Amino acid sequence: MKYDFDEVISRRGTSSLKWDVKENELPMWVADMDFPVAKPIQEAILKRASHPIFGYQSYPREWKKAYHDFYFDLFHIDIKEDWLSYATGIVPIVSSAVRAFSKPGEGVLVNNPVYNIFHHSIENNGRKIVSSDLVYDGDKYCIDFVDLEEKMSRDDVHSKPNWADPFRRNFKTNRRFSREA
């Protein structure tokens, strides 16, 4: 299936959080896609929407299997289906994880640059941000593993993965800033 990622489709005047802004404003603060959803996804949504009742629903086994297969095929990680549960979005789940895995006053490690709302999820829950900044090498961002290890070894710091990495890179393969390099 081929997609045209160059087609410009105006979203102004459509109640778009991203595009209903001042005329010459370039809204780069929200992770909103600016290309059409794939036809099979659109068709599945329209099929479901044709049923006249929208009640609470459970998630079929296929939903969990899709996550399992994705992580197994891409990362060779065997996620158990009972580990998965549905969340309404990344921001609520980050806030929940901060509360579940750290205590008020403790530090939570992030790799900046990161979606700024993640900072709010940490600070609004009474935790401190501890940043191990990613290093831009002129082409891509890399983890400074020496700095990361030092900050992760602190007793008052809890780490979290970089959920904002849209490319799902395995940073372990880039050892540029490690002691072994």
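Biologist: Where is the place of serine 15?
Modeller: Serine 15 is in the segment before H1. Helices (H or I, at least four residues) and strands (E, at least two) are DSSP runs, numbered from the N terminus. This is a predicted model: local features need pLDDT of at least 70, side-chain atom pairs count only at pLDDT 80 or more, and totals for chains, interfaces and linings use all residues. Residues are numbered from 1 along each chain as its sequence is written, and side-chain values use heavy atoms, with hydrogens and water left out.

Biologist: What is phi of serine 15 near?
Modeller: Phi of serine 15 is near 65°, a positive value in a residue other than glycine. Most residues other than glycine have a negative phi.

Biologist: Is serine 15 exposed or buried?
Modeller: Serine 15 counts as exposed, at 69% relative accessibility. The cut-offs are under 20% relative accessible area for buried and over 50% for exposed, with partly exposed in between (1.4 Å probe, protein chains only).

Biologist: Which residues does a cis peptide bond join?
Modeller: Asparagine 112 and proline 113 are joined by a cis peptide bond, with omega about 10°. Proline 113 sits in the loop between E1 and H4. Most peptide bonds are trans.

Biologist: Switching to the fold. How many helices and strands are there?
Modeller: The protein has 5 helices and 5 strands. Along the sequence they run α-α-α-β-α-β-β-β-α-β.

Biologist: How much of the protein counts as buried?
Modeller: Of its 181 residues, 23% count as buried. The protein exposes about 13800 Å², and carbon and sulfur atoms supply 58% of that (Shrake-Rupley method, 1.4 Å probe).

Biologist: What pLDDT does the protein average?
Modeller: The average is 83, and 86% of the residues score at least 70. pLDDT is the predictor's confidence in each residue, from 0 to 100. Over residues 163-181 the pLDDT is below 50, and that stretch has 36 contacts in the model beyond near neighbours in sequence (a contact means heavy atoms within 4.5 Å).

Biologist: Of the contacts between residues at least 6 apart in sequence, how many join residues at least 24 apart?
Modeller: The share is 45%.

Biologist: Which residues of helix H4 are buried?
Modeller: In H4 (residues 116-123), Phe118, Ser121 and Ile122 are buried. Seen down the axis of H4, these buried residues fall within an arc of 95°, so they line one face of the helix. The arc is that of the directions from the helix axis to the C-beta atoms.

Biologist: And what covers the buried residues of H4?
Modeller: The cover includes helix H3 (90-101), strand E1 (107-110) and strand E2 (128-131).

Biologist: Which residues make a nonpolar surface patch?
Modeller: Tyr3, Phe5, Met33 and Phe35 make one of about 420 Å². Patches are made of residues with over 30% relative accessible area and no salt bridge: like charges are joined within 9 Å, nonpolar side chains (Val, Leu, Ile, Met, Phe, Trp, Tyr) within 5 Å. Phenylalanine 35 is in the segment before helix H1 (39-49), and is partly exposed, with a relative accessible area of 35%.

Biologist: Next, charges. How many salt bridges does the count come to?
Modeller: The count comes to 8 salt bridges (a side-chain nitrogen of Lys or Arg within 4 Å of a carboxyl oxygen of Asp or Glu). In one of them, glutamate 81 pairs with arginine 61, the closest N and O atoms being 3.2 Å apart. That pair links distant parts of the chain: glutamate 81 is in the loop between helix H2 (61-75) and H3, and arginine 61 is in helix H2, 20 residues apart. Glutamate 81 counts as partly exposed at 23% relative accessibility.

Biologist: Which residue does lysine 80 form a salt bridge with?
Modeller: Lysine 80 pairs with aspartate 78, and their closest N and O atoms are 2.7 Å apart. Lysine 80 counts as partly exposed at 37% relative accessibility, and aspartate 78 counts as partly exposed at 37%.

Biologist: What about lysine 140, which residue is its salt bridge with?
Modeller: Lysine 140 forms a salt bridge with aspartate 137, the closest N and O atoms being 3.2 Å apart. Salt bridges that share partners join Asp137, Asp139 and Lys140 into one network. Lysine 140 is partly exposed at 32% relative accessibility, and aspartate 137 is partly exposed with a relative accessible area of 27%.
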